[in-house]
Amino acid sequence: MRKTLEKQGYHFVGTHKHSAVKTCLWLWKSIRGEGNCYKGKFYGISAHRCVQMTPSIFCNQRCVHCWRPLEAFNINTGAGAEEVVWDSPGEIAEGCLKEQKRLISGFKGSPKTTREVFAEAERPKHVAISLIGEPTLYPYLKELIQEFHSYGMTTFVVTNGTNPDVVREIEPTQLYLSLNAPDETIYKRVAHADYWPRINESLDELRMKKGKTRTVVRITCMQGLNMLNPAGYAELLKIANPDFIEVKAYMHLGYSRKRLSREAMPAHRQVKEFASEIAEHLAAAASDVKAKADYNYQIVDESEISRVVLIKNLRGLGALRGDETLYS
Ligand code: SF4
């Protein structure tokens with residue numbers, strides 16, 4: 001399975017090969033001056049300065065929409081399971097930065113890449129800890145984030161929310177929680193796992209991050225599967241009270257094509273409609289809260305090519321989390 005992943009462009013780093021780095025399509029576009037990903041539009045990230053990595057190729061869910069081969073990274077927790085030997089945060093961070101440098105080296109002197117852009121790409125500013133698997137399974141995630149920060153970089157962490165204790169202790173620059181169901185029944189259908197109470201706990205933890213780290217809830221929309229019950233999503237979002245909500249279309253890519261049909265991928269128009277419904281229900285759901293200013297959500301941006309809509313909490317991000325130019 002490791003070989004399969006390598007063929008798909010995953011580059012393993014560290015001694016025990018549970019961490020990987022991979023350059024994305026948007027990095028190639030950005031380094032050639034041909035465009036930037038929606039995270040550039042929404043948050044100011046330059047894709048050519050972004051390292052996409054994971055410290056854990058393992059995952060504890062088996063989501064139907066996952067692009068990866070699920071067999072490749074199911075963590076073995078059964079009796080007699082082999083212990084995973086984890087590399088240190090220092091080794092992983094250094095390995096990722098070295099590998100990223102090697103991966104972009106082919107662009108040096110390319111007619112489509114200016115000298116300035118190449119020099120910028122050689123000094124990445126941002127790490128997206130979100131590539132594959134579940135990062136909270138890595139036992140030193142907090143220290144790994146600190147390690148990247150010590151290089152002067154900002155961090156995104158994307159978690160499935162199944163480890164609330166880890167969510168509580170980590171402080172990346174921006175913390176994402178993937179919420180792909182409005183209730184437990186749909187959750188089980190989407191994730192093929194049994195962690196709903198823990199995900200609810202993590203939503204609670206997200207709210208506690210106010211003033212410490214930026215928070216985002218991402219909803220990946222699949223037609224006929226989880227684009228239902230916007231009021232249910234609104235109730236859960238009321239608990240999390242995040243800074244941002246990304247409502248995004250499932251993309252019919254990779255191994256998910258074996259599990260879902262193309263029809264599961266909603267059009268941008270449908271994503272937008274669903275995002276509006278969620279925002280309306282959230283306004284209604286939050287009408288009884290005391291801190292009304294904390295629940296001032298509005299659709300503020302969208303990216304048609306990535307089929308994603310951004311809902312922002314207009315309460316402001318607070319001095320601790322920096323301003324809109326945090327990542328530039
Ligand atoms: S939580 Fe993420 S990595 Fe794990 S199976 Fe689901 S989509 Fe894949």
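**Helices, sheet, domains and ligand shell**

Helix α9 (residues 196-208) and helix α10 (residues 230-240) approach each other with their axes within 6 Å and cross at roughly 45 degrees. Helices (H or I, at least four residues) and strands (E, at least two) are DSSP runs, numbered from the N terminus; axes are lines fitted to C-alpha atoms, for helices over the stretch in contact, and angles run from 0 to 180 degrees between N-to-C directions. The two helices α9 and α10 are therefore oblique to each other, a word kept for angles that are not under 35 degrees (roughly parallel), over 145 (roughly antiparallel) or 65 to 115 (roughly perpendicular). Leu 203, Asp 204, Leu 206 and Arg 207 of α9 meet Leu 236, Ile 239 and Ala 240 of α10, where contact requires C-beta atoms, placed from the backbone, within 7 Å. By class, this contact of α9 with α10 holds five nonpolar, no polar and two charged residues. Ala, Val, Leu, Ile, Met, Phe, Trp, Tyr, Cys and Pro count as nonpolar, Asp, Glu, Lys and Arg as charged, and the others, Gly among them, as polar.

This is a predicted model, in which local features need pLDDT of at least 70 and side-chain atom pairs count only at pLDDT 80 or more, while totals for chains, interfaces and linings use all residues. Residues are numbered from 1 along each chain as its sequence is written.

Ten strands form an open sheet of mixed pairing, in the order β1-β2-β3-β4-β5-β6-β7-β8-β10-β9; two strands pair if DSSP finds at least two bridges between them. Strands β1 (11-13) and β9 (297-303) stand at the edges with a single partner each, so one side of each has no neighbour in the sheet. On average, neighbouring strands of this sheet are turned by 25 degrees against each other, direction ignored. Helix α4 (residues 89-104) packs on the sheet, touching β1, β2 (19-21) and β3 (50-54), and its direction makes about 150 degrees with that of β1. Further along, β7 (residues 214-221) and β8 (residues 244-249) pair in the parallel sense over six bridges, and Val 216 stands opposite Phe 244 in β8.

The protein chain is divided into domain 1 (1-76 + 86-155) and domain 2 (160-317), with bounds from an automatic or database domain assignment. Their centres, taken over C-alpha atoms, are separated by 23 Å. The contact takes 20 residues from domain 1 and 29 residues from domain 2.

Around the ligand are Cys 59, Gln 61, Arg 62, Cys 63, Cys 66, Arg 68, Gly 133, Glu 134 and Asn 160, each with its C-beta atom, placed from the backbone, within 6 Å of the molecule. This shell divides into three nonpolar, three polar and three charged residues.

Notes:
Contact = placed C-beta atoms within 7 Å.
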